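Subject: Structure handover

Hello,

Here is the structure I promised you. Please open it beside this email and follow along.

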Amino acid sequence: MGMLKYLISILFGIVEGITEWLPISSTGHMILLNQFISLEKLTSPQFYSMYEVVIQLGAILAVVVIFWKQIWPFRNDSKETGYKRYVNMDIIDLWLKILLACVPAAIIGILFDDWIDAHLYNYWVVAIALIVFGVGFIIIENKNKDLSPKIHSLKTLNGKTALLIGVFQVIAAVFPGTSRSGATILGGLMLGVSRTVAAEFTFFLAIPVMFGASLLKIAKFGLAFTSTEIMVLLVGCIVAFVTSMIVIKFLMGYIKKHDFKVFGWYRIVLGLIVLIYGIVATL
C-alpha cells in the first residue's frame, strides 16, 4: 500500500508540474485526477487538502532555479558605487511590483479560503471556469492579432498594471478551474503586456503566492506528519520540480512563435468533458 501511494504521488507530481505553468488549470486537473486515482482515499481528506497545495512548492523551486539571475537582487558589482554595488535596484523594483500584485489574492485567500474549499471545489465550477477562460483566450488572441503590445519588458511594467494583473489572479483564487497562470496571463494580454512578459511575471508572481498558500495549509494541517506522509509529499514535490523545469522551458520557447489559442481550445474541450462527467455522476 505504501508503494502505491508513492506511485500515485509521482503521477500527481507530473500533472502538477505540467498544468501549473500551462494556462489550463492545475487545480481542475488535480480535482479530476483525484476522482479517478484517489490519493485522498489512501491517506486522509485532511492530508490531501494540504498535499494538493504544498506540492506546488516543487513547482516554485523550478521557477527559482531557471530565473535565479532575474529574481535574486543581491550582488557584488565593482562597476557600481554605494549600495547599488550590492543591490540590483531593478530587481528590487520588480519584487515590489510582484508583492503589490499579490495583495488582492492574499486578502481573499486569508478571509475566504475555507469557504471557497467548501463551496466552489466541484465539477460545475471547474467546468464553467475552464470553458469561460478558454473562450477568453481565443477572443483576446484574435483581438490582439494585429496589435503591438505596449509593454515589452518587466522593467516597463508599471505598478498599476501589476496590481491589475493581481486582480485577475483573484478570479483564479476564487474559482477553481480558472488557472492562476491562465488568469494572470490573460489579464496581462488584455492590458497590453507581451506574451513573454505576461508569462514571466506570472511565474514570478507564483513564488510568494504559492509559498504563502503552502504555509497556510501546513499551519492548518499541523506538523503531525507520519513518516509515510512526509515521503509522499516529498516525492510529489520532487517530481513536480523536475516536470516544471521541462514545462517552463518549453512554454517560454513556444510562446515566442505561437499564441495561446491552442490552450483555449484545450480548456473548452476539457470543460465540456468535465461537465458531461459531472452530469453522469449525478444520475
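Start at Ser179, in the loop between H9 and H10. This is a predicted model, so please read every value below as computed. Ser179 has a positive phi of about 85 degrees, although it is not a glycine. Is Ser179 buried or exposed? Ser179 is buried, with a relative accessible area of 6%.

Ser25 sits in the loop between H1 and H2. Its phi is positive, about 80 degrees, and Ser25 is not a glycine either. Ser25 counts as buried, at 1% relative accessibility.

**Arg180**

Now move to Arg180. Arg180 belongs to helix H10, which covers residues 180-190. Arg180 is buried, with a relative accessible area of 12%. That is under the 20% cut-off for a buried residue. What lies 3.3 Å from a polar atom of the Arg180 side chain? The backbone oxygen of Thr202 does. Leaving aside neighbours within four places in sequence, Arg180 has several contacts, including Glu20, Trp21, Gln169, Leu205 and Met210.

**Salt bridges**

How many salt bridges are there? The count comes to 6. Here are some to find on screen.

- Lys97 and Asp93: their closest N and O atoms are 3.0 Å apart. Both residues are in helix H7 (residues 89-119), 4 residues apart, so about one helical turn separates them. An α-helix has 3.6 residues a turn, so residues three or four places apart point the same way. Lys97 is buried at 7% relative accessibility. Asp93 is partly exposed, at 34%.
- Glu141 and Arg195: these side chains meet in a salt bridge, 2.9 Å from N to O. Glu141 is in helix H8 and Arg195 is in helix H11, so the pair ties together parts that are 54 residues apart in sequence. Glu141 is buried, at 3% relative accessibility. Arg195 is partly exposed, with a relative accessible area of 27%.
- Asp259 and Lys261: the closest N and O atoms of this salt bridge are 3.9 Å apart. Asp259 is partly exposed, at 24% relative accessible area. Lys261 is partly exposed as well, at 23%.

Why can such pairs form? Side chains of opposite charge can pair when their charged atoms come close.

**The cores**

Next, look inside. The largest nonpolar core has 47 residues. Those with the most contacts inside this core are Trp21, Val63, Phe201, Phe203, Phe204, Ile248 and Phe260. Several helices each supply at least two residues of the core: H5, H7, H8, H9 (159-174), H10, H11 and H12. Which helix gives the largest share of this core? H11 does, with 10 residues. Apart from this core lies another, of 16 residues, among them Ile8, Val15, Leu33 and Tyr48. In soluble globular proteins, nonpolar side chains tend to be buried together.

Click on Phe260 next. Leaving aside neighbours within four places in sequence, Phe260 is in contact with Glu141 and Arg195, among others. Other contacts of Phe260 include Pro23, Phe137, Ile185 and Leu251.

Then take helix H5, residues 56-66. Its buried residues are Gln56, Gly58, Ala59, Ile60, Ala62, Val63 and Val64. What do the buried residues of H5 pack against? They pack against H1 (2-19), H2 (26-36), H4 (45-54), H6 (68-71), H11 (195-221) and H12 (227-254).

**The surface**

Finally, turn to the outside. Trp124, Ile128, Val132, Ile276, Ile279, Val280 and Leu283 form a nonpolar patch on the surface. Together they have about 720 Å² of accessible area. Helix H8 (123-143) and helix H13 (261-282) are the elements that give two or more residues to the patch. Trp124 is in H8. Trp124 is partly exposed, with a relative accessible area of 34%.

One last stop is Lys257, in the loop between H12 and H13. Lys257 is exposed, with a relative accessible area of 74%. How far apart are the C-alpha atoms of Lys257 and Asn142? They are separated by 15 Å, and the two residues are 115 residues apart along the chain.

Best wishes

Conventions: Residues are numbered from 1 along each chain as its sequence is written. This is a predicted model: local features need pLDDT of at least 70, side-chain atom pairs count only at pLDDT 80 or more; totals for chains, interfaces and linings use all residues. Side-chain values use heavy atoms; hydrogens and water are left out. Patches are made of residues with over 30% relative accessible area and no salt bridge: like charges are joined within 9 Å, nonpolar side chains (Val, Leu, Ile, Met, Phe, Trp, Tyr) within 5 Å. Accessible areas come from the Shrake-Rupley method with a 1.4 Å probe; for residues, only the protein chains shown count as cover. A salt bridge is a side-chain nitrogen of Lys or Arg within 4 Å of a carboxyl oxygen of Asp or Glu. Buried means under 20% relative accessible area, exposed over 50%, partly exposed in between (1.4 Å probe, protein chains only). Contact means heavy atoms within 4.5 Å. A polar contact is a pair of N or O atoms within 3.5 Å; within protein, one must be able to donate a hydrogen and the other to accept it, and residues adjacent in sequence count only if both atoms are side-chain atoms. A nonpolar core is a set of buried Ala, Val, Leu, Ile, Met, Phe, Trp, Tyr and Cys residues joined through side-chain atoms within 4.5 Å.
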